[in-house]
Amino acid sequence: MTITLTLSGLHCGNCVKSVEKALHEVPGVEKVTVTLSPQQAIVEGEVEAQTLIDAIDEIGFEAAIA
């Protein structure tokens, strides 16, 4: 399954790396691509979208289902 999330609050490459790391730590995630422009995350794996959103919220960024 592929889930695309729109993100907000990303300002630099370190922000992108932080979101990638947080998403990779979610059980069931197989592949993560985070981009700064547009601010989005594309996640592949067997995981619920809300679980991904919660992981991003926990590190101080905002996410929503695209």
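User: How far apart are the closest N and O atoms in the salt bridge that Lys21 forms with Glu25?
Analyst: A salt bridge here is a side-chain nitrogen of Lys or Arg within 4 Å of a carboxyl oxygen of Asp or Glu. The model is predicted, so local features need pLDDT of at least 70 and side-chain atom pairs count only at pLDDT 80 or more, while totals for chains, interfaces and linings use all residues. Residues are numbered from 1 along each chain as its sequence is written, and side-chain values use heavy atoms, with hydrogens and water left out. In the bridge from Lys21 to Glu25, the closest N and O atoms are separated by 2.9 Å.

User: How many salt bridges does a search of the whole structure find?
Analyst: Side chains of opposite charge can pair when their charged atoms come close. Lys21 and Glu25 form such a bridge. For the whole structure, the number of salt bridges found is 1.

User: Is Lys21 buried or exposed?
Analyst: Buried means under 20% relative accessible area, exposed over 50%, and partly exposed in between, with a 1.4 Å probe and protein chains only. The relative accessible area of Lys21 is 54%.

User: Which helix gives the largest share of the negative patch?
Analyst: The surface patch of negative charge gathers Asp54, Asp57, Glu58 and Glu62. Its members have over 30% relative accessible area and no salt bridge, and like charges are joined within 9 Å (nonpolar side chains, Val, Leu, Ile, Met, Phe, Trp and Tyr, within 5 Å). Helices (H or I, at least four residues) and strands (E, at least two) are DSSP runs, numbered from the N terminus. The largest share, 3 residues, comes from helix α2.

User: What is the relative accessible area of Asp57?
Analyst: Asp57 is one of the residues in the negative patch and is found in helix α2. Asp57 is partly exposed because its relative accessible area is 39%.

User: How many bridges join strand β1 to β3?
Analyst: Two strands pair if DSSP finds at least two bridges between them. Strands β1 (residues 2–8) and β3 run antiparallel, with Thr4 opposite Ile42. The number of bridges joining β1 to β3 is 5.

User: How many residues lie between β2 and β3 in their hairpin?
Analyst: Strand β2 (residues 29–35) pairs with β3 in the antiparallel sense over 6 bridges. Thr33 stands opposite Ile42 in β3. In the hairpin, the number of residues between β2 and β3 is 4.

User: Which residue in β4 is the bridge partner of Ser8?
Analyst: Ser8 belongs to the uncovered face of β1, along with Thr2, Thr4 and Thr6, while Ile3, Leu5 and Leu7 make up the covered face. Strands β1 and β4 (residues 62–65) are antiparallel and share 4 bridges. In β4, the partner of Ser8 is Glu62.

How values were computed
Accessible areas come from the Shrake-Rupley method with a 1.4 Å probe; for residues, only the protein chains shown count as cover. Lys and Arg count as positive and Asp and Glu as negative; His and the chain ends are not counted. The place of a charge is taken as NZ of Lys, CZ of Arg, CG of Asp or CD of Glu.
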